[in-house]
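Please consult the sequence and structure shown below while reading.

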Amino acid sequence: LDASAVAVLSARTVECVAAQLACFLGGWTFVPLDPAWPMGRVAQVLAAAKPSIVLTQTTALASAVKTASGALGVATMVLGDMLAAPRGEAAPAPRPAVGRDPAYLIFTSGSTGTPKGVCIGMEALMAHAAGAISTYALTSRDRVLQFASPAFDVALEECVPTLLAGGALIERGEDWVNDPGVFLQALQSRGVTVLNLPS
């Protein structure tokens, strides 16, 4: 890919979703990365995707990316710092991704070798989102659990259709999956109406 790719190294957070939407609206290819990955895998993906910048969840992650990516010399920025930064002069209006424009670049697990990138176009993402809205009968009253890692494409199936339908995304706590009782109680207390749990 060219410099229009933006990598996001973050857990399930509001800032991660905001960065995802900013990529779509700005016409940049969203490249999700998982902070649970070993830094060696992160470096492999960055070498293949060649993003213009990596947005990270923390300063520590930004430093780790710089160390792991070495000669790639990739620029990094912390998501919270980016969102809180003072606005400068108005930038040219972005051109949202449409049709066959790349929407996101997702990488295989690499279990059989080097992770391979698969680029998904905006048209395909929107068609899938429309299908999910119809299949799950999503409405603005729904509260959908954001369960999957942002670097797993199921996360986009959780986020994009929900937001298009006007529903609410509920971020999964890291400790919820350690105990079925805790998980069920958390779903109930947060009023979750839709969850997608890949087996």
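Which residues of helix α3 (residues 59-69) are buried? In this predicted model, they are L61, A62, V65 and S69. Viewed along the axis of α3, these buried residues fall within an arc of 100°, so they line one face of the helix. An α-helix has 3.6 residues a turn, so residues three or four places apart point the same way. T59, A60 and T67, on the other side of α3, are exposed. The cover over the buried residues of α3 includes β1, α2, β3 and β4, with the residue ranges tabulated here.

| Element covering the buried residues of α3 | Residues |
|---|---|
| β1 | 5-9 |
| α2 | 39-49 |
| β3 | 53-56 |
| β4 | 76-78 |

After α3 comes G70, which has a positive phi, near 45°.

The second largest pocket holds about 170 Å³ of space. Two or more residues of its lining come from each of α1 (14-26), α5 (122-136) and α6 (154-164). Among the lining residues are L21, F24, L25, M122, M126, V160, L163 and L164, and the lining also includes P96 and A97. By class, the lining of this pocket comprises 10 nonpolar residues, with no polar and no charged residues.

Strand β5 (residues 102-107) has five of its six residues buried, so β5 is largely enclosed by the rest of the structure. Strands β5 and β6 (residues 117-121) run antiparallel and are joined by five bridges. In one of the pairings, L105 has C119 of β6 as its bridge partner.

Technical notes:
Residues numbered from 1 in each chain as written. Predicted model: local features only at pLDDT ≥ 70, side-chain atom pairs only at ≥ 80, totals over all residues. Heavy atoms only, no water. Buried < 20%, exposed > 50% of the residue type's maximum accessible area, 1.4 Å probe, protein only. Helix = DSSP H or I, 4+ residues; strand = E, 2+ residues; numbered from the N terminus. Arc of directions from axis to C-beta. Contact = heavy atoms within 4.5 Å. 1 Å grid on protein atoms, 1.4 Å probe; cavity = no way out; pocket = protein on both sides within 12 Å on 5 of 7 lines; lining within 4 Å. Points joined across faces, edges and corners; volume = space filled by probe spheres on them. Nonpolar A, V, L, I, M, F, W, Y, C, P; charged D, E, K, R; others polar. Pairing = 2+ DSSP bridges.
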